[in-house]
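Trainee: Please take me through one part of this model in close detail. I would like to look at the open sheet and then at what surrounds it.

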Amino acid sequence: MAMQHPSTLGIALLILVAVTTAVGPSAANGNQRFKSIYQTLNTILSQASAKDVMESYQRQTNTISLDRADLDEPHLLSVSVPAGATLQGYIEIDGHTRVPLSHTPEVLDIGPYLGEAITRVTITGSYSPASAAVAIAFNGPNTVVQQQAAGTGRINYQLNLVVQ
């Protein structure tokens with residue numbers, strides 16, 4: 001079952017913290033109220049599997065500041081999986097340019113897409129086996145960032161490039 005609201009876990013945890021704070025060990029009257037809220041919390045959490053929760057909160061984000069003077073240089077984004085693993089998905093730049101991830105390593109020069117403000121690069125897709133790891137690397141002038149995602153079979157990564 002897919003989660004309808006990614007914030008369900010967050011709301012449930014807030015309820016648990018509020019109830020735990022409100023119902024102290026000496027509050028006999030609060031025990032009945034705690035049981036009622038606990039049952040509601042249990043119902044909310046039972047609607048989401050652990051996999052749904054992990055996929056909802058799996059987004060990894062990095063923000064990098066880039067020097068305006070270096071915009072003419074290559075800014076390479078690389079996405080790869082180990083030999084024997086497969087990756088399907090796309091790289092999206094500012095919500096409109098899509099580059100399919102059909103082979104790895106996929107190397108894309110982000111330089112031509114960089115503007116005067118923030119450029120958002122999103123990598124979305126699936127990989128198998130889920131035990132494999134997706135390696136993401138960004139190499140620009142004086143900047144190297146490496147990130148890895150593994151364990152769910154899904155990649156949801158956002159790179160915010162801020163030109164200063």
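Mentor: Four strands make up an open sheet, ordered β5-β2-β7-β8, with antiparallel pairing. Strands here are DSSP runs of E, at least two residues long, and helices are runs of H or I, at least four residues long, both numbered from the N terminus. Two strands pair if DSSP finds at least two bridges between them. At the edges lie β5 (106–109) and β8, each pairing on one side only. From one strand to the next, the twist averages 15°. Axes for such angles are lines fitted to C-alpha atoms, and angles run from 0 to 180 degrees between N-to-C directions.

The model is predicted: local features need pLDDT of at least 70, side-chain atom pairs count only at pLDDT 80 or more, and totals for chains, interfaces and linings use all residues. Residues are numbered from 1 along each chain as its sequence is written, and side-chain values use heavy atoms, with hydrogens and water left out.

Now take the β7 and β8 pair. They run antiparallel and are joined by eight bridges. Valine 134 faces alanine 149 of β8.

Buried means under 20% relative accessible area, exposed over 50%, partly exposed in between (1.4 Å probe, protein chains only). The core has 29 residues, and Ile91, Ile123 and Leu161 touch the most other members. Strands that each supply at least two of its residues include β2 (76–80), β7 (133–140), β8 (143–150) and β9 (154–163). The largest share, five residues, comes from β9.

Look at leucine 161. Leaving aside neighbours within four places in sequence, its contacts (heavy atoms within 4.5 Å) are Ile64, Leu66, Ile110, Leu114, Ala117, Ile118, Thr119, Val121 and Phe138.

There is one salt bridge, defined as a side-chain nitrogen of Lys or Arg within 4 Å of a carboxyl oxygen of Asp or Glu. Arginine 98 and glutamate 92 form it, at 3.0 Å from N to O. Glutamate 92 counts as buried because its relative accessibility is 17%.

Finally, the whole chain. It holds three helices and nine strands. Of its 164 residues, 38% are buried. Among contacts between residues at least 6 apart in sequence, 72% join residues at least 24 apart.

Terms used. A nonpolar core is a set of buried Ala, Val, Leu, Ile, Met, Phe, Trp, Tyr and Cys residues joined through side-chain atoms within 4.5 Å.
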